[in-house]
Amino acid sequence: MKLSFQNAKFLKTAVKPEHFPDFGTTPEIAVVGRSNVGKSTLLNHLFKSKNLVKTSSTPGKTQAINFFSLDGTAIFADLPGYGYAKVPILERKKWGELIESYLSTKPNMILFLMDIRRTPNPDDVQMLQWIEASGIPAILVLTKVDKVKRGERAKQTKNIVDRLNNLPYVHYSTVKNEGRNQLIHQICEVLN
Ligand SMILES: Nc1nc2c(ncn2[C@@H]2O[C@H](COP(=O)(O)OP(=O)(O)O)[C@@H](O)[C@H]2O)c(=O)[nH]1
Ligand SMILES: [Mg+2]
């Protein structure tokens, strides 16, 4: 499958399951990960757009799912970041439910983002369990790799991948422009 990453368009925002659009047979790719891990920045980088996907300097602010279309050939869903400590517990629960109910609509694949500098926490492990339970193919995207030296990169990759049941992964840096071709290649492989 060939995807045109240069023609991304914003489609709509959903804050509850009743708002989830039905895209028919168009493949849907969900982007998940902790608040501030780099989800929106990664989508802008994939789409070669500066501001199509709103990035926020206030972590935890995005409480909605935003849908983007690549010329009608694929849909990307930017999911709310989970696990932001300063968000009240009830609000966090609501986000968890929104993420879970979206994943239960069976998107075709999941991009699971982890900051290369972090160790998976209970929220990440829960995310992994949702992914495994759903049976949806996932790619682990290790973000912000420009922030660590080579040796640390290898050590942290092993640390994260070991804890996340050896999901297939790619290294990504929007700052150093690293990982884009590889990720696009892997997305296309999975969708084929
Ligand atoms: N150094 C570096 N910073 C990044 C990278 N990707 C994202 N960021 C920064 O991380 C912060 C959070 O990014 P954002 O996309 O809003 O995260 P989101 O909450 O997961 O959508 C922003 O300040 C970004 O500029 C990267 O590859 N390298
Ligand atoms: Mg975001």
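Residues are numbered from 1 along each chain as its sequence is written, while chains are lettered from A and ligands numbered from 1 in the order in which they are written. Because the model is predicted, local features need pLDDT of at least 70 and side-chain atom pairs count only at pLDDT 80 or more, whereas totals for chains, interfaces and linings use all residues.

Seven strands form an open sheet of mixed pairing, in the order β1-β3-β4-β2-β5-β6-β7, where strands are DSSP runs of E with at least two residues, helices are runs of H or I with at least four, both numbered from the N terminus, and two strands pair if DSSP finds at least two bridges between them. At the edges lie β1 (8-14) and β7 (169-171), each of which pairs on one side only. Within the sheet, β2 (residues 28-33) runs parallel to β4 (residues 74-78) and is joined to β4 by four bridges, with V31 standing opposite D78.

Around ligand 1 there are 19 residues, of which G38, K39, S40, T41 and T55 come nearest, a residue being near if its C-beta atom, placed from the backbone, lies within 6 Å of the molecule. The largest share of this shell, three residues, is supplied by α1.

V141 touches L42, L111, F112, L113, V170, Y172 and L183, leaving aside residues up to four places away in sequence; contact here requires C-beta atoms, placed from the backbone, within 7 Å. V141 is also among the residues with the most contacts inside the largest nonpolar core, which has 43 residues. Such a core is a set of buried Ala, Val, Leu, Ile, Met, Phe, Trp, Tyr and Cys residues joined through C-beta atoms within 7 Å, and buried means that 20 or more other C-beta atoms lie within 10 Å of a residue's own, these atoms being placed from the backbone.

Key
A residue is buried if 20 or more other C-beta atoms lie within 10 Å of its own, exposed if 12 or fewer, and partly exposed in between; C-beta atoms are placed from the backbone. Two residues are in contact if their C-beta atoms, placed from the backbone, lie within 7 Å.
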